[in-house]
Amino acid sequence: MTGTPFWRPDSHAKRRPALVMRARILAALRTFFAARDFIEVETPALQISPGMEPHIGALGVDLTEPFGQARQRLYLHTSPEFAMKKLLAAGERRIFQIAHCWRDGERSPRHHPEFTMLEWYRTEDTYETLMVDCTALLAAAAWAVDTHVFRHGTHECNPFASVERITVNEAFLRHCGFDLLATNNERDVLAAELGKLGLHIGERDTWEDLFHRAMLEKIEPDLGIGAPTILCDYPLALAVNAKPSEQDLRVAERFEMYVCGVELANGCTELIDAAEQRRRFEVDVALKEQLYGTRMPIDDDFLAALAIMPPATGIALGFDRLVMLATGAATIEDVLWAPVTAG
């Protein structure tokens, strides 16, 4: 955080109205989940594996046992996902957590190195049910702070409006003018299409890099304007923890919710095939090592739990972003009680 320290009385006074709203939204969400028979859980931030996403940086910690008997490299989790799924394997059926998470190298108006994630899971339910949860949760947050408009920059969204639901492929057809699935995950084919739109194409860009550039520059800014948008059926290559769709094996049962052009939540039908999950993890481990020279461990204990976990759906929602949108705050630091100080 730059400029005036957050603890200066004048600085805090400017931020306090949004922080009070944050507390109200937090209380409303706990009531929301209790009314739906969820139980709140708490899992350790220190994990064997912080998460396997190749492009997400993690913070490592060296843990020493008493009397120096053992020293182990652990990581601050980037999401509580692995530990929460272990609880599903243990027998829990509806759980939620409001967890602090850490991601290295992330600081922007929408990102913070330490942030709050709201994550919840349902066993024996469809991911359409999670979409219903998201819609109702937006309304609950809006009621908590007595607003009918979420704002970010010049964009507005009615949290009570009917949600627009479109597939990723439909979004590419609408905003980019071509069929994404027809590229068959071939980098040069996608590069040719995006080149026609004037997007920068780097020599080392992968198919996934180009996908995310198209999303960032051509699609995301128009999502969730006026009404929330649910973007669903992601290409299977972009859904490492999600189950393939039974209707189209090229895509996964994964969706994201957008409000005011901001990605707010990411949910899916969970993959429960431990062997396939290991294969996907190994691909991501190799890619991360190739790109960043960092090799993350695979949590074998998680894969053992996954083998007995019942069918489930799960979702992660950026709580700080939700508060930012509900209060109309300009940046994520405006809704954090004590932002992480930058150098």
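At the start of H7, which backbone nitrogen does a side-chain oxygen of Asp-273 reach to within 3.1 Å? The nitrogen is that of Ala-275. This is a predicted model, in which local features need pLDDT of at least 70, side-chain atom pairs count only at pLDDT 80 or more, and totals for chains, interfaces and linings use all residues. Residues are numbered from 1 along each chain as its sequence is written, and side-chain values use heavy atoms, with hydrogens and water left out.

**View 1. Helix H7, residues 274-292.** Helices (H or I, at least four residues) and strands (E, at least two) are DSSP runs, numbered from the N terminus. H7 has 19 residues and spans 26 Å from first to last C-alpha, close to the 27 Å expected at 1.5 Å a residue (1.5 Å times one less than the number of residues). Just after H7, Gly-293 has a positive phi of about 70 degrees.

View 2. Ala-274, Gln-277, Arg-280, Phe-281, Asp-284, Val-285 and Lys-288 are buried (under 20% relative accessible area; exposed is over 50%, partly exposed in between; 1.4 Å probe, protein chains only). They lie on the same side of H7 because they cover an arc of only 145 degrees around the axis, taken from the directions from the helix axis to the C-beta atoms. On the other side, Ala-275 and Gln-290 are exposed.

**View 3. Strand S13, residues 312-318.** Seven of the seven residues are buried, so S13 is largely enclosed by the rest of the structure. Ala-312, Gly-314, Ala-316 and Gly-318 are on one side, and Thr-313, Ile-315 and Leu-317 on the other.

Note on methods: Polar contact = N/O pair within 3.5 Å; in protein donor to acceptor, adjacent residues only side chain to side chain.
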